[in-house]
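Please read the report below alongside the sequence and the coordinates.

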Amino acid sequence: MSRADFAREWDLVVIGGGITGAGILLEAARRGLRALLVEQRDFAWGTSSRSSKLVHGGLRYLKEGQFGLTRESVHEREHLLLQAAGLVEPQSFAFGDYVGRKPGKRTFLAGLAIYDRMAGQRGRHYYSREEFAALAPNVATDGLQGGMVYMDAKTDDARLVLRVLQEARRHGGVALNYMAAEALLRADAVDAATGEAGDVGGVRLRDGLSGTQHEVRARLVINATGAWADQLRAPQSTAIRLRPLRGSHLVLPAWRLPLAQAISLMHPADGRPVFAYPWEGVTLVGTTDVDHHDDLSREAAITRAECGYLLAALHAQFPQLHLTDSDIIATYAGVRPVIDSGKADPSKETRDHALWLEHGLLTVTGGKLTTFRVIALDALKLAATRLPELRDKLTPQPVFAATPPLRYLPDLPAGQAQRLQGRYGADAQALIDAAQADELSCIAGTETIWAQLRWAARHEEVCKLKDLLLRRSRIGIQLRGGGIDILPRIRSICQQELGWSDQHWDEEQAAYLALWSAHYSVPKP
């Protein structure tokens with residue numbers, strides 16, 4: 001379908017191309033609604049490509065008494081581990097039991113017992129000092145008494161969004177990136193009592209690539225723009241309900257901080273939880289939790305203070321490694337759409353989601369990556385007040401349809417068959433079949449194969465080089481300099497697939513490298 005040739009009448013228009021919007025599009029389309037999703041930048045451009053990449057129950061939420069959120073998250077984690085194997089993968093976490101560290105052994109094990117019960121599992125969690133030191137080499141041993149180990153899960157957050165959008169399209173949903181919602185269209189009628197214009201009945205769109213404008217009508221418009229939700233709500237309500245919080249991360253080479261499992265620790269300065277964990281061939285360290293006061297139209301970036309904060313956590317947990325700025329490959333920061341309850345400590349704010357229906361605009365915000373299906377179904381339950389045909393169709397369904405196994409491929413590296421099937425579903429075999437010579441090998445330092453770049457350039461709405469390197473693949477945060485050393489080979493694979501001239505490629509490359517330097521590098525002292 002052409003970007004200029006999409007329908008003008010819809011049951012549902014979803015604004016926002018992160019995991020929340022993608023989940024709503026999928027659940028609406030599979031229930032027979034004519035559903036359109038528009039995203040002003042690229043799919044997963046915001047928080048949904050810059051999260052901690054954990055699909056987890058939120059063990060720390062138990063301490064805050066958020067049992068419902070934890071139970072819901074644990075159940076969704078288990079569903080995703082079953083239905084998205086290769087994209088959502090188990091990850092063990094280790095937490096050292098040090099003299100004087102809180103939470104102590106008894107409290108932590110009590111929380112893990114509740115965690116297990118919610119997941120319908122039981123397992124061994126406590127290990128002696130010697131066993132724990134073997135499970136988690138390089139951790140500090142002064143005061144170490146033993147340690148706790150538990151299971152959660154991790155994912156590639158941007159690829160999860162793309163897989164959900166792929167599934168939505170198979171059910172007839174339409175998703176367009178670089179299509180901005182410029183204004184909400186309202187009914188002509190004016191309420192005699194309040195003097196307000198009528199309910200929202202559509203959206204005026206502007207194509208960010210061609211500049212052309214479109215007007216689309218919808219029975220319901222859903223605002224799923226995350227941290228940007230209040231900006232879209234502003235004409236409907238002046239009440240500010242969101243507290244944007246920034247979570248920043250460091251990326252280190254796996255050889256410099258080698259971990260067989262994730263290490264969970266409490267920061268020595270303020271007791272906040274910090275993680276270091278193996279991910280896609282590198283080691284991620286995160287996260288911070290600070291109020292984000294910058295312009296939301298600009299990409300978020302780590303600050304020097306946050307970088308120092310995370311390095312201080314690493315120095316405390318891995319003192320013998322002497323990690324410094326020079327060990328950091330890349331950084332990234334995302335802005336969480338957290339509901340503002342006025343708490344002084346950002347980390348105390350709830351991570352639950354919220355919905356508001358105001359003058360025909362349904363706003364969905366807050367929540368966690370893990371619970372995107374629950375959030376989508378809750379949105380449709382509220383949408384059913386205006387779309388009554390939904391009322392009897394809201395039974396939860398598997399997130400992804402089952403796909404046939406791949407053919408035996410001796411050239412594919414170990415583990416790649418399940419990894420590709422998890423990320424691409426029914427398209428995985430076609431991706432492999434489209435690979436040219438030596439494109440089934442991994443890009444050094446990552447778990448990405450070269451063929452994924454060709455497939456993305458050919459089939460995945462790549463409009464800018466940053467789409468390819470920061471979201472269709474994660475090369476931009478896995479390799480030094482954003483992958484600058486392999487850009488010539490990437491060009492040889494992708495330029496023709498994208499139909500870009502030499503001048504266009506050069507311009508895109510310069511823009512990408514400037515963006516990487518400003519927002520994904522290590523800030524100078």
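## Annotated C-terminal region

UniProt, in an unreviewed entry, lists residues 411–503 as "domain: Alpha-glycerophosphate oxidase C-terminal". UniProt positions are given in the numbering used here, feature names are shortened, and annotations may be inferred rather than shown by experiment.

## Basis of the values

This is a predicted model, in which local features need pLDDT of at least 70 and side-chain atom pairs count only at pLDDT 80 or more, while totals for chains, interfaces and linings use all residues. Residues are numbered from 1 along each chain as its sequence is written, and side-chain values use heavy atoms, with hydrogens and water left out.

## Overall fold

The chain has 16 helices and 18 strands. Both are DSSP runs numbered from the N terminus: helices are H or I with at least four residues, strands are E with at least two. Along its principal axes the C-alpha trace spans about 70 × 55 × 50 Å. For 525 residues, a compact globule would have a radius of gyration near 24 Å, and the value of 23 Å for the chain agrees with this. The radius is taken over C-alpha atoms, and the globule rule is 2.2 Å times the number of residues to the power 0.38.

Of the 525 residues, 59% are buried. Buried means under 20% relative accessible area, exposed means over 50%, and partly exposed lies in between (1.4 Å probe, protein chains only). Among contacts between residues at least 6 apart in sequence, 72% join residues at least 24 apart; a contact means heavy atoms within 4.5 Å.

## Surface and charge

The chain exposes about 20,800 Å², and carbon and sulfur atoms supply 53% of that area. Accessible areas come from the Shrake-Rupley method with a 1.4 Å probe; for residues, only the protein chains shown count as cover.

The chain carries 62 positive and 61 negative charges, and their mean positions are 4 Å apart. Lys and Arg count as positive and Asp and Glu as negative, while His and the chain ends are not counted. Each charge is placed at NZ of Lys, CZ of Arg, CG of Asp or CD of Glu.

## Backbone geometry

A cis peptide bond joins K102 and P103, with omega about 0°. P103 sits in the loop between β4 (88–98) and α4 (105–119). Another cis peptide bond joins G286 and T287, where omega is about 5°. The loop that holds T287 runs between β14 (282–286) and β15 (290–291).

N138 is not a glycine, yet its phi is positive, at about 80°. N138 belongs to the loop between α5 (129–135) and β6 (144–155) and is partly exposed, with a relative accessible area of 25%. D438, also not a glycine, has a positive phi of about 65°. D438 is in the loop between α11 (428–433) and α12 (450–459), and it counts as exposed because its relative accessibility is 53%.

## Selected residues

H359 lies in the loop between β17 (353–358) and β18 (361–366). H359 is partly exposed, with a relative accessible area of 28%. H359 and D199 are 160 residues apart in sequence, but their C-alpha atoms are 4.6 Å apart in space.

T365 is in strand β18 and is buried, at 2% relative accessible area. Residues up to four places away in sequence aside, T365 touches G226, A229, L242, P337, I339, H353, A354 and W356. One of these contacts, L242, is 123 residues from T365 in sequence and 8.5 Å away, C-alpha to C-alpha. R206 is in strand β9 (residues 200–207) and counts as partly exposed, at 32% relative accessibility. Beyond its neighbours within four places in sequence, R206 is in contact with Y178, M179, A180, E182, G211, T212 and Q213. R206 and V74 are 132 residues apart in sequence, and their C-alpha atoms are 40 Å apart.
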